[in-house]
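Here is a short report for a first look at this structure. Keep the sequence and the 3D view open as you read.

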Amino acid sequence: MRMYLNRFSITTYFQSGVAFAVACLLLILASSSPSYAIPAFARKYTLPCSACHEAWPKLNSFGQNFKDNGYQLMNDRDSPVYIHPSYWPVAMRTTPHWHFESNGNVSVDSGDTSVEQTINTSGFDLGGIDILAAGTLSKNISFLLVTSIDSGDGTVGFEAGNVRFSNIKDSPWFNIKFGKAELDLPLSEKRGMTLSNNGGELQLYHFLPVGDVTATNPADNQLGVEFMGHSFDDRTRYALSVVSSDGGNVGLPAGRTYDVYGHFSHGFASGNNLQRLGAYVYYGMQPTFFLTSGGEDIPGTGSGNKSFYRVGFYGSIYMGAFDVTGVYQHASDNVFLGTETAADGTPLPEGAKDPAWNIVTVEAHYTYTPRVFFLGRYEFVRMSQQAFAEYPSDLGNVDVFTIGCRFYPFINSRAGLAWHTEFSSARSRLTSDTGQDQRNNSLFTGLDFAF
Amino acid sequence: MRNKQLYLTVCMVFLFPAFMFGGTISGTTTYRETDTPMKQKVIDMSKEPTCAKQHTTPVMTETVVTGPNFALANVVVYVSAGAPDEGAVPTQAVSYEQKGCQYIPHVLVMHVSQPIKITNADQTSHNIHPMPKVNAEWNKSQPIGAPPIDAKFDKEEFIPVKCNIHPWMHGYFVVLKTSHYAVSKDDGSFSLPDLPPGNYTITAWHEKYGKLTQELTITGNESKSIKFAFKATQY
Amino acid sequence: MRINHKIMFISMIVLSLGSGYAWAQNSGIASGYPTPNDGLNPSAQKGHGIYLRYCYGCHGLQGNGNGENAQWLDPKPRDFTTGAFKCRSTPTGTLPVDSDLIHTLERGVWTSGMPSWRPLSGQNRQDLVAYIKTFSPRWQTEQPGEPITIPPETEVTMDSITHGHQIFEKLECWKCHGMEGRGDGPSADTLTDSKEQPIRPYNFADATNSSRFKCGETNEDVYRIFMTGLDGTPMPSFADQLQPNDAWDLVHFLRTLQVHRRSKENDVLKAAGGKIPATPASSALLPSALPSHSEALESGNQESRRQ
């Protein structure tokens, strides 16, 4: 079948998939008895990483409860005065790796014209470096500060900076977080178990139809205030966030509108397992034009605000060491955003409509031990309504399939190391310059470590 | 001839009891002559005036109690192997008294499961806190005028006992599987009588200086003498 | 032949599901490590896997409280090999019943490094208890003690508080806890626990412990603490000295030492002017003579039971 024009045929993909599956199996057999991810928490509370994380960084129910309590164990010794003054609540994480990227049907100059061909590249690389400071300022007041350094140009971004007031009126139902923070998402990308170019980001949050300019996606940390609450045993949880429509960018670059995010879930125990059902919605606004000065947009003067939303529900099922989460989301952006039209009187293209799409994300994990972890994910995005009338109905549809494994040589209460291997393959329909499908593949192996 | 018979009969009459009741192992427990034993300190009981006033002379700690001729007191000497009669549990209780904020005796030896009666003769409350590793640890308060506390231990062990309220109070419950035991006196002397014939391992235990063992055999009702010389350290 | 990604992926899911379910027999929530049989019953075997995930860092692989982090902890983690536990409903010197251990796992031990393990499932906690019981041979040879009977609480009155104050003085609790319960009694500085580690008596007037105790926070919990003692610590059992009514009086008085806690006892004290008289107003509550040993037994304060 001549579907794949690139050098790496599917048999080779399968072979490389089998190869690292075998490698992972060998790692299981080689694993010995345990010796004994924000590691700053492990140092403060002398708990091993496996206490809070199924396999770090993915949280288990104990770790989620710790986070929901405002990074507190609620033992009346959470305040930093009970720790030796030399303790600093700082941790760092980065991932040197080797990766292979294959991008299909990329337009490449060829004389006066261009042809489409597959671009392959590979080599050793370094992921961004995160420096995390998190903990309590005093009892029931906690903070998180995450700076991330781009390993390419060395620029420092502030991924998170927030203060949380927890257990207001001694009730776990009232907590307020203020600042830049991750939304309370059903599947966290910040604590995601995938790192590759194609697998590291969830289409659930990042997908945009062709031509759509909506800049905000729920996976980026947002600037705002979050009201959050949970039952005493953390089975029932709700979160309500009001954030500026800046997509998490500082300096008030967009307009003066606000986005809203809500999430509710309930977990119920069955034997040894905790199952969870939940629903969420993100409703946002984005300006379509700015006032200008000398032809340049004036930041903060965003006007012609149009809306977009994401709404979904999900279920997480645990069966012993195995768990699977399925998310269904329906999304739609306003036609002005979908067609990059300024709502200042500019007419819309003829027949333009609000782009809408449905996403199903299924992610399954097998946590053989806290030290051996497998992941498989399948996402498919199906456009239900295109923005432009002339677009084919399946333009931009995406299928992504990712498998990975993480092996942790040790679990202790100070630092963490994981050998992360991942393969991800994404296909988007008809998105090449000549209307062909584009297939992109990533193969990743690296050492993810944190101290 | 008649005199000889009379003489033998008289001897048998006098020796018969000894023949009936078995041999004796006795001796002394000492520390080696070249060693310097741990110095004992004066106990400051000023925080408990009701006890302090009971003592006219300074009270010393009792970790290492020595006597003349390098004698080592409070050594428990007992038959650790070879005795045929370990099983019988004596019904008579041993008593442990708290008096003058001290334990009397400092080392109380008993048979496994033998009852202990603990009394408080002081005008202050004490708590009795044995700290075993094999037996069950317990901790009971015994206020002024409280009735005696009954206790027993079912497994062989050397159990330190303390009072938390009065941190200088230290003693030992020594729970043994045998009734053949003795505690050496201030002059280091001890005696293990009534031993049937057999091959015996005798162990001597001191709370600071550990254990020594010796083996000997009793064939009849002879008296044998042994010495235990502990290696003593200053700390 | 084209291998359909979807089919491959779904078949891998099914394969993992099947093997995952098979493995699920050996693991728990946020799964524990798969562990060998080792002669343990199935519950203890699962508990072993969960213990390795959550507990070994402090309590150690041998359960003796010598985990890799123990050297930096104060108070030290529990040594399970002795069978002595602080928070029990059974008399001093006896093994706790399973519910005592489960409650400790659910509650945690406040003001210590032991967190509340409520987010784990109830089955997890039972499995952990089954495994913890394998660390000490005492569980093979002894039965747990009989939980003490706690009679219904008596009324909170000024007389009850006054009598409790008298008991506090007569039993000399103040020798460790101090006259105001601030943990500053004459013996407080020299207290050591059964591992010879320095330990402070409970400070009733301390606001930073949220007026909670290591073994609970209700009046019943306070009753239980001094009637069973905290094994492993200097805190003894007063079961032989106190009748139930006296014990409730002592509870009511102790609550008034917790000056930062809003309580019925503090309200009653405040309404009576804030000072505790030397003797109760009612003559019916003149200081009782300490009961004889046999009286104490008959009243239900039980002697520890050993087999």
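## Where chains B and C meet

Across the interface of chain B and chain C, the rule finds two salt bridges. A salt bridge here is a side-chain nitrogen of Lys or Arg within 4 Å of a carboxyl oxygen of Asp or Glu. Lys140(B) and Asp240(C) are joined by a salt bridge between their side chains, at 3.6 Å from N to O. The side of chain B that touches chain C draws two or more residues from each of strand E9 (126–130), strand E10 (140–142) and strand E11 (149–151) of chain B. E10(B) gives the most, with three residues. Helices (H or I, at least four residues) and strands (E, at least two) are DSSP runs, numbered from the N terminus.

By class, this side of chain B has 12 nonpolar, 10 polar and nine charged residues. Ala, Val, Leu, Ile, Met, Phe, Trp, Tyr, Cys and Pro count as nonpolar; Asp, Glu, Lys and Arg count as charged; the others, Gly among them, count as polar.

## Basis of the model

This is a predicted model: local features need pLDDT of at least 70, side-chain atom pairs count only at pLDDT 80 or more, and totals for chains, interfaces and linings use all residues. Residues are numbered from 1 along each chain as its sequence is written, chains are lettered from A and ligands numbered from 1 in the order in which they are written, and side-chain values use heavy atoms, with hydrogens and water left out.

## Extent of the B–C interface

In chain B, 31 residues are in contact (heavy atoms within 4.5 Å) with 37 residues of chain C. The area buried between the two chains is about 2600 Å², and carbon and sulfur atoms give 46% of it. Buried area is the accessible area (1.4 Å probe) that two parts lose on being put together, summed over both. Glu137(B), Asn139(B) and Lys140(B) supply 19% of the area that chain B buries against chain C, more than any other three residues.

## Two helices in chain C

Helix H9 (residues 219–228) and helix H10 (residues 244–257) of chain C pack at an angle of about 115°, and their axes are 10 Å apart. Axes are lines fitted to C-alpha atoms, for helices over the stretch in contact, and angles run from 0 to 180 degrees between N-to-C directions.

Residues of H9(C) in this contact include Tyr223(C), Phe226(C) and Met227(C). Those of H10(C) include Trp248(C), Leu250(C) and Leu254(C). By class, the contact has 10 nonpolar, two polar and two charged residues.

## Salt bridges overall

How many salt bridges does a search of the whole structure find over all chains? The search finds 30. One pairs Lys58(A) with Asp323(A), with the closest N and O atoms 3.8 Å apart. This pair links distant parts of the chain: Lys58(A) is in strand E2 (residues 58–59) and Asp323(A) in strand E17 (residues 322–333) of chain A, 265 residues apart.

## Backbone details

The peptide bond from Ile104(B) to Pro105(B) is cis, with omega near 0°. Pro105(B) lies in the loop between strand E6 (102–104) and strand E7 (107–111) of chain B. Another cis peptide bond joins Asp74(C) and Pro75(C), with omega about 5°.

Asn167(A) is not a glycine, yet has a positive phi of about 50°.
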